[in-house]
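I opened this notebook to record what I looked up in one model.

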Amino acid sequence: AMEENKLTFYHHPLSPFAMVVKAVLSHFAIDHEERVIDLGTKENRTEWYLKVNPDGTIPAIKDGGYCLSETLAICRYLMESRGIDSDFYPYSDAKKLARHNEAIEFAGGRFRYKTFNCIFQLLIGPTFFGKPRHPEEVQQKYLSDLRECYEEFEARLKSSGTKYMLSDDSLSLADFYLYCMTMVVVDNGIAALDDFPAMANWYRAVGLTPALQTVSTRRRRMMRLAVFYFTYIIPIIKCCKCRGKKKSA
């Protein structure tokens with residue numbers, strides 16, 4: 001019976017999307033077990049994982065026998081299934097919920113697309129998948145798209161005049177999602193918030209949340225190790241293999 005009721009969280013610590021779910025689980029002290037999915041060995045394409053999530057993406061959860069993927073769907077489910085009806089995600093108040101969903105649509109729509117596109121094209125692709133770096137003008141196009149997104153977010157924050165996205169007092173699911181996406185960009189030096197004072201203040205305020213501090217620290221540590229490995233260790237291994245083949249020949 002305990003196995004049937006167990007909540008398992010499938011993730012990878014470098015994924016900004018998994019960070020959101022992990023932060024929600026920690027913030028609300030939701031009991032769960034974790035399993036890191038090894039993307040390097042394509043564990044996400046194995047038969048057992050595809051039964052959890054047929055798309056083979058992370059994050060995903062298995063709550064007893066119920067499987068679910070997609071970051072925001074998981075977070076909403078956790079709030080409702082655990083009866084956590086708060087200002088973080090006020091699912092029982094139609095008008096409050098509509099405001100939250102409006103913010104979530106922005107976070108999970110344009111903001112997510114342009115931010116992750118920039119992260120993948122300028123950081124993940126060249127560093128981890130050996131893709132050639134784009135010419136300067138192409139890189140600037142991705143950064144320009146990201147800047148447009150930041151300008152929209154800046155205008156939203158200035159219009160609301162609040163500490164967080166929807167309130168001075170309470171963090172929301174949209175704040176968690178937007179923070180994790182922004183953190184990857186800022187931390188890896190892809191873009192800065194110098195030209196966006198309201199966004200910079202919001203970023204600092206949200207970043208003080210213990211659950212977000214924990215997932216951010218973990219990701220930073222893992223990212224440093226991953227970059228070092230792919231930048232220095234992998235080329236050395238390839239070079240040694242190449243020399244070994246030449247000697248054999």
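**Entry 1: the core.** I note at the outset that this is a predicted model. I looked up the largest nonpolar core and found that it holds 65 residues. Within this core, Leu-78, Phe-111, Phe-153, Met-199 and Trp-202 touch the most other members. I then listed the elements that give two or more residues to the core: strand 1 (7-11), helix 2 (16-27), helix 4 (71-81), helix 5 (94-128), helix 6 (136-160), helix 7 (173-187), helix 8 (197-206) and helix 9 (210-248). Helix 5 provides the largest share, twelve residues. Apart from this core I recorded another, of six residues, including Tyr-10, Ile-37, Val-52 and Ala-60.

**Entry 2: Met-199.** I asked which residues Met-199 touches, leaving aside those up to four places away in sequence. The contacts are Phe-111, Tyr-150, Phe-153, Glu-154, Leu-157, Thr-182 and Leu-193.

**Entry 3: the cavity.** How many cavities of 30 Å³ or more does the structure hold? I found one. The largest cavity has a volume of about 70 Å³. Its lining consists of Phe-9, His-11, His-12, Pro-13, Ser-15, Ala-18, Met-19, Lys-22, Val-215, Arg-218 and Arg-219. I noted that strand 1, helix 2 and helix 9 each supply at least two residues of this lining.

**Entry 4: helix 2.** I checked the length of helix 2: its twelve residues reach 16 Å from the first C-alpha to the last, close to the 16 Å expected at 1.5 Å a residue. Ten of these twelve residues are buried, so helix 2 is largely enclosed by the rest of the structure. The buried residues are Pro-16, Phe-17, Ala-18, Met-19, Val-20, Val-21, Lys-22, Ala-23, Val-24 and Leu-25. Among them, Ala-18, Met-19 and Lys-22 also line the largest cavity.

**Entry 5: helix 6.** I applied the length check to helix 6, whose 25 residues should span 36 Å at 1.5 Å a residue; the end C-alpha atoms are 36 Å apart, which agrees. Its buried residues are Tyr-142, Asp-145, Leu-146, Cys-149, Tyr-150, Phe-153, Glu-154 and Leu-157. An α-helix has 3.6 residues a turn, so residues three or four places apart point the same way. The buried residues of helix 6 pack against helix 5, helix 7 and helix 8. Just after helix 6, I recorded that Gly-161 takes a positive phi of about 65 degrees.

Methods. Residues numbered from 1 in each chain as written. Predicted model: local features only at pLDDT ≥ 70, side-chain atom pairs only at ≥ 80, totals over all residues. Heavy atoms only, no water. Core = buried A, V, L, I, M, F, W, Y, C linked by side-chain atoms within 4.5 Å. Buried < 20%, exposed > 50% of the residue type's maximum accessible area, 1.4 Å probe, protein only. Helix = DSSP H or I, 4+ residues; strand = E, 2+ residues; numbered from the N terminus. Contact = heavy atoms within 4.5 Å. 1 Å grid on protein atoms, 1.4 Å probe; cavity = no way out; pocket = protein on both sides within 12 Å on 5 of 7 lines; lining within 4 Å. Points joined across faces, edges and corners; volume = space filled by probe spheres on them. Expected span 1.5 Å × (residues − 1).
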